Amino acid sequence: GCVNYLQNSLTAEIPEHDGLVTCPPYWNLEKYAGEGIDKHKTWEEFLWDYKTILTHCYAKAKSGSTYCIMVGEWRKNHKFYDLEFQTRRFMNGLGAVIFDQIIISRKTTSKIKIMLPQAKRLGYSVRVHESLLVFKKP
């Protein structure tokens, strides 16, 4: 059966499992109760602990496990944050194989009219999607 654990993934005892469904915090764009990686001061600190969490969990994944990770990319203060790329890089480093990618539209919830003038002025695209990355453990 499916069991949902609400614990600090950095320190929790991760049980052996055959799958994981998660939407990690988008660094400091989302705030959660208690202590967590959303509280880190720098992107680099966030990425270090995010990689540590993925490594910690993946070590307990059975062969054939499926990992579904919802991620996105964003800009803040004119800097591009590539959480999707970083997630792929970390999971590839662990030996996971990309199985699928599902694009999730945020067109109806994104503030496109507010985003467009800045995107045009600064010369970048408006992102209104997230990706559900599906990995398999060989």
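Trainee: Leaving aside its neighbours within four places in sequence, which residues is K79 in contact with?
Mentor: K79 is in contact with W43, E44 and W74 once those neighbours are set aside, where contact means heavy atoms within 4.5 Å. Bear in mind that this is a predicted model, in which local features need pLDDT of at least 70 and side-chain atom pairs count only at pLDDT 80 or more, while totals for chains, interfaces and linings use all residues. Residues are numbered from 1 along each chain as its sequence is written, and side-chain values use heavy atoms, with hydrogens and water left out.

Trainee: And where does K79 have its place?
Mentor: K79 is in strand β4, strands being DSSP runs of E with at least two residues and helices runs of H or I with at least four, numbered from the N terminus. K79 is partly exposed, with a relative accessible area of 37%; buried means under 20%, exposed over 50% and partly exposed in between, for a 1.4 Å probe and protein chains only.

Trainee: Which strand does β4 pair with, and in what sense?
Mentor: Strand β4 (residues 79-82) pairs with β3 (residues 73-76) in the antiparallel sense over four bridges, and a pairing needs at least two bridges found by DSSP. K79 in β4 is the bridge partner of K76. The two strands form a hairpin with two residues between them, and N77 in the turn has a positive phi of about 50°.

Trainee: OK, switching to rings: how many aromatic pairs does the structure hold?
Mentor: The structure holds ten aromatic pairs, counted for rings of Phe, Tyr and Trp (its six-membered ring) with centres within 6.5 Å, where planes under 30 degrees apart are stacked, over 60 edge-to-face and the rest tilted. One of them is Y58 with Y67, whose centres are 5.6 Å apart and whose planes stand at 75°, so the pair is edge-to-face. Both Y58 and Y67 are buried.

Trainee: What about W74 and Y81, stacked or edge-to-face?
Mentor: Their ring centres are 5.5 Å apart and their planes at 20°, so W74 and Y81 are stacked. W74 and Y81 are also buried, and they belong to one aromatic cluster together with Y26, W27, W43, F46, Y50 and F90.

Trainee: Which residue lies over the face of Y58?
Mentor: K137 lies over the face of Y58, at 4.6 Å from the ring centre, and the charged end of K136 sits over the ring of F99, 5.1 Å from its centre. A charge counts as over a ring if NZ of Lys or CZ of Arg is within 6 Å of the ring centre and within 35 degrees of the ring normal.

Trainee: Next topic: which residues lie nearest the centre of the largest pocket?
Mentor: Y5, Q7, S9, L20 and T22 lie nearest its centre, among 39 lining residues. A pocket is an open set of points on a 1 Å grid over the protein atoms alone, where a 1.4 Å probe fits, with protein on both sides within 12 Å along at least five of seven lines, and lining residues have an atom within 4 Å of a point. Strand β1 gives the most to this lining, with six residues.

Trainee: Which residues does T22 touch, not counting those up to four places away in sequence?
Mentor: T22, which is found in strand β1 (residues 17-22), touches C68, I69 and M70. The C-alpha atoms of T22 and C68 are separated by 6.4 Å although the two residues are 46 apart along the chain. T22 is partly exposed, with a relative accessible area of 28%.
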